[in-house]
Amino acid sequence: DSASKGFSFKGIKDYLDCYRSGKLTPSQVAKNIIAVLEDCDKSMPPLRAIVQWDQEQIMQMAEASTARYRNKCTLSYLDGIPVCLKEEFKVVPYHHRVGTVYLGTEPETEDATVARKLREAGAIIIGVSNMHELGTGTTGCNPNRYHKIPRNPYKPNHFPGGSSSGSAAAVAAGLCPVALGTDGGGSVRIPASFCGVVGLKGTFGRISCHGSLPLSYSTVSVGPICSSVADAAIVYSILAEPDPLYPYGLKQPKATLSDMCAPDLKGLKLGVDWTFFKACDAEVLSICEKAVEHLQSLGASVVEVSLPEMEEVRVAHVICILSEMRDFLQPDFNKHFQEMNLDTRANLALASQFTALDYITANRQRTRSMRFLQEIFTTVNCILTPAVPSTAPRIYESDLLTGSSNFSLTARSMRFMQLGNFTGIPGLVVPVGYSTAGLPISFQVMAKWWDEAILLRIGLKLEQFRYQTKKPSIYYDILA
């Protein structure tokens, strides 16, 4: 619990305080959310964060939660908490469209594992959120008829980032304090960064992907997008465990939050490759350098490390993720090519140029890179970088009609993200400041496999560095 100066996002604790004190019930909150969902799509421009929702479903979950609070038998810290899930997850009774116009023709009858766990925890699922078509981009630009362009709550004429665009926009706009996304090339961390909220990509396999479209099986992790590190820790602790339906995470060690609330960072060694760190805009660099000094002032020591072969990592990650997506989407590419957005076609066409040899070489690079990281993590506890080298890009008129394709922007926004996806290590992004234009700037911490606890510990301290939280220009206070 932190004493905030000025504006602060309403988080899980604010909701729980209202429920426990009797000031509001989950049912009253649900009614507020329904009113807001109706309003935010009538606004100009429409927010387009949540693309499918159902009033009856929302009220049903809320009324069940209200009864549990009345009878003092709540299920978890998420009981009565509004959440949304990226459209990449199966959520009953919504259409599993994954950002397309051709998938999910029938309503879903089975929940993804994470959707089921959120229900079992008593959360109120307010709907499914917008996403970049098939997760193929980092802006969130999706001009098709079901989705339209989601807006960045800080500046509605800028993109929220992708591919979990709607999840980040929903949290930043106050629609819900918790959202889930998937991250194969920064798809949780990029939109969280652009929208000024917290994003956690778990270790590969840590949170079950069962019931999400298996676009890339070797790079994608699931993670929460929240308005605070504490909230991300709560969601992580509820979702992170082996799932018999998801083989990649079966052998994982138990998830803990050990030492998360330690008073300082004494004894921690933070690794920085300064050449890599500095490959970002001047405004981003200046704030991120100060954030490193802040962590040092809390007792951590900064150790210079060298992250080898980062250009090879960048290329190999692109080969792996695009080859796997192209393989999985082969029937779609042949059958639904004309229904895909132009940038999706371009990405999948590019992917078809990679050979089996490229894919094998890329995976050899993965083995090398994981070995380098094993060595680095014997000398430091984590690796620090800026989150994204620049702030959220602008939306142009033409993007609304035909979408947007900018390979250099995509490559640049993924620069600090790919290492985590390629090698499977966890990463946390935390907002640390704002550009002169008022757009959020974020910082990233990465740790060794299964050590999410240390990310959350450092993340709590990073939050104290941000001397103020600016209020997004689109913000709904559901508890007001």
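Visitor: What should I know before I start?
Guide: The model is predicted: local features need pLDDT of at least 70, side-chain atom pairs count only at pLDDT 80 or more, and totals for chains, interfaces and linings use all residues. Residues are numbered from 1 along each chain as its sequence is written, and side-chain values use heavy atoms, with hydrogens and water left out.

Visitor: Where does UniProt place the feature "domain: Amidase"?
Guide: The unreviewed entry puts it at residues 35–456. UniProt positions follow the numbering used here, feature names are shortened, and annotations may be inferred rather than shown by experiment. Over residues 35–456 the chain is 37% helix and 14% strand. Helices (H or I, at least four residues) and strands (E, at least two) are DSSP runs, numbered from the N terminus.

Visitor: How do I read helix 1, and which of its residues are buried?
Guide: Buried means under 20% relative accessible area, exposed over 50%, and partly exposed in between (1.4 Å probe, protein chains only). In helix 1 (residues 12–21), the buried ones are Ile 12, Tyr 15, Leu 16, Cys 18 and Tyr 19. They fall within an arc of 160 degrees seen down the axis, so they line one face of helix 1. The arc is taken from the directions from the helix axis to the C-beta atoms. Arg 20 and Ser 21 are exposed, on the face turned away from the buried side. Gly 22 follows helix 1, with a positive phi near 85 degrees.

Visitor: How many strands does the open sheet have?
Guide: Two strands pair if DSSP finds at least two bridges between them. The open sheet has 11 strands, in the order 1-3-2-4-6-5-10-11-9-7-8, with mixed pairing. Strand 1 (50–52) and strand 8 (301–304) are the edges, each pairing on one side only. Strand 7 (residues 269–272) pairs with strand 8 in the parallel sense over 4 bridges. Within that pair, Val 272 has Glu 304 as its bridge partner.

Visitor: Which residues have the most contacts inside the largest nonpolar core?
Guide: A nonpolar core is a set of buried Ala, Val, Leu, Ile, Met, Phe, Trp, Tyr and Cys residues joined through side-chain atoms within 4.5 Å. The largest has 139 residues, and Leu 85, Val 114, Ile 126, Leu 175, Leu 384, Phe 443 and Ile 458 have the most contacts inside it. Another core, of 12 residues, lies apart from it and includes Tyr 102 and Phe 333.
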